[in-house]
Amino acid sequence: MPTWTLHTEFTFDAAHFIEGYDGKCARMHGHTYKVHISAKSHKLNPSKYLETPDMVCDFNELKWSGSDGQKGGLDHTVLNESIPVATTAERIAEYIHKETKSRIPEEIDLTVTVWETPTSWVEYTDKDV
Ligand SMILES: [Zn+2]
């Protein structure tokens with residue numbers, strides 16, 4: 001079966017705190033989060049930017065969360081104001097996955113990896129692996 005997998009990486013800076021955490025992460029602090037998104041599809045699609053079916057999806061639609069908070073992204077925001085659950089890396093990855101899914105064709109399989117620090121990251125997908 002033909003298969004295309006897009007990969008994109010970006011960073012955003014954001015503040016957060018983890019309510020109920022027994023330690024310093026309970027206090028407001030910031031991270032430069034790095035995000036890797038892969039988008040796998042067996043077919044190509046049109047997009048908002050290209051009418052013909054020649055893309056898995058547009059890279060711009062995978063990168064929305066890296067854009068300025070005032071333009072709908074997460075850069076320079078307080079994550080606790082956007083994400084309705086505890087802002088652990090696990091939940092941030094799940095949130096970016098869900099929000100990105102809503103912007104792209106349904107049959108695309110997404111995997112979202114979020115680095116909270118250069119040495120600690122989490123990978124999230126809604127498929128069994
Ligand atoms: Zn933190």
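Analyst: A disulfide is a pair of cysteine sulfur atoms within 2.5 Å. By this rule the count comes to zero disulfides. The model is a predicted one, in which local features need pLDDT of at least 70 and side-chain atom pairs count only at pLDDT 80 or more, while totals for chains, interfaces and linings use all residues. Residues are numbered from 1 along each chain as its sequence is written, and side-chain values use heavy atoms, with hydrogens and water left out.

User: Why is C57 called buried, and why is C25 called partly exposed?

Analyst: Buried means under 20% relative accessible area, exposed means over 50%, and partly exposed lies in between (1.4 Å probe, protein chains only). C57 has a relative accessibility of 4% and therefore counts as buried. C25 has a relative accessible area of 22%, so the term for C25 is partly exposed.

User: What makes H16, H29 and H31 donors of the zinc ion?

Analyst: Donors are N, O and S atoms within 2.8 Å of the metal (3.2 Å for Na, K and Ca); water is not among the atoms, so sites may look incomplete. The NE2 atoms of H16, H29 and H31 coordinate the zinc ion at 2.0 Å, which meets the cut-off. Along the sequence these donor residues follow the spacing H-x12-H-x1-H. H16 lies in strand β1 (residues 4–16) and H31 in strand β2 (residues 29–41), so this pair ties together parts that are 15 residues apart in sequence. Strands here are DSSP runs of E with at least two residues, and helices are runs of H or I with at least four, numbered from the N terminus. Both H16 and H31 are buried.

User: What makes β3 and β5 edge strands?

Analyst: The open sheet has five strands in the order β3-β1-β2-β4-β5, with mixed pairing. β3 and β5 (120–125) stand at the edges, each with a single partner strand, so one side of each is left without a neighbour in the sheet.

User: Why is the pair of F12 and Y33 called stacked, and what is the pair of W115 and W121 called?

Analyst: Rings of Phe, Tyr and Trp (its six-membered ring) pair if their centres lie within 6.5 Å; planes under 30 degrees apart count as stacked, over 60 as edge-to-face and the rest as tilted. Two aromatic pairs are found in a search of the whole structure. F12 and Y33 are 5.2 Å apart centre to centre with 25° between the planes, and the pair is therefore stacked. F12 lies in strand β1 and Y33 in strand β2, so the pair ties together parts that are 21 residues apart in sequence. Both F12 and Y33 are buried. W115 and W121 are 5.7 Å apart centre to centre with 35° between the planes, so their pair is tilted. W115 is buried, with a relative accessible area of 14%, whereas W121 is exposed at 53%.

User: How do you know that the charged end of K34 sits over the ring of W115?

Analyst: The rule asks for NZ of Lys or CZ of Arg within 6 Å of the ring centre and within 35 degrees of the ring normal. The charged end of K34 sits over the ring of W115, 4.3 Å from its centre. The charged end of R103 sits over the ring of W64, 4.0 Å from its centre.

User: Which residues is D13 in contact with, leaving aside its neighbours within four places in sequence?

Analyst: Contact means heavy atoms within 4.5 Å. With those neighbours left aside, D13 is in contact with H31, T32, L74, D75, H76 and T77. D13 itself is placed in strand β1. Its relative accessible area is 31%, so D13 is partly exposed.

Technical notes:
Pairing = 2+ DSSP bridges.
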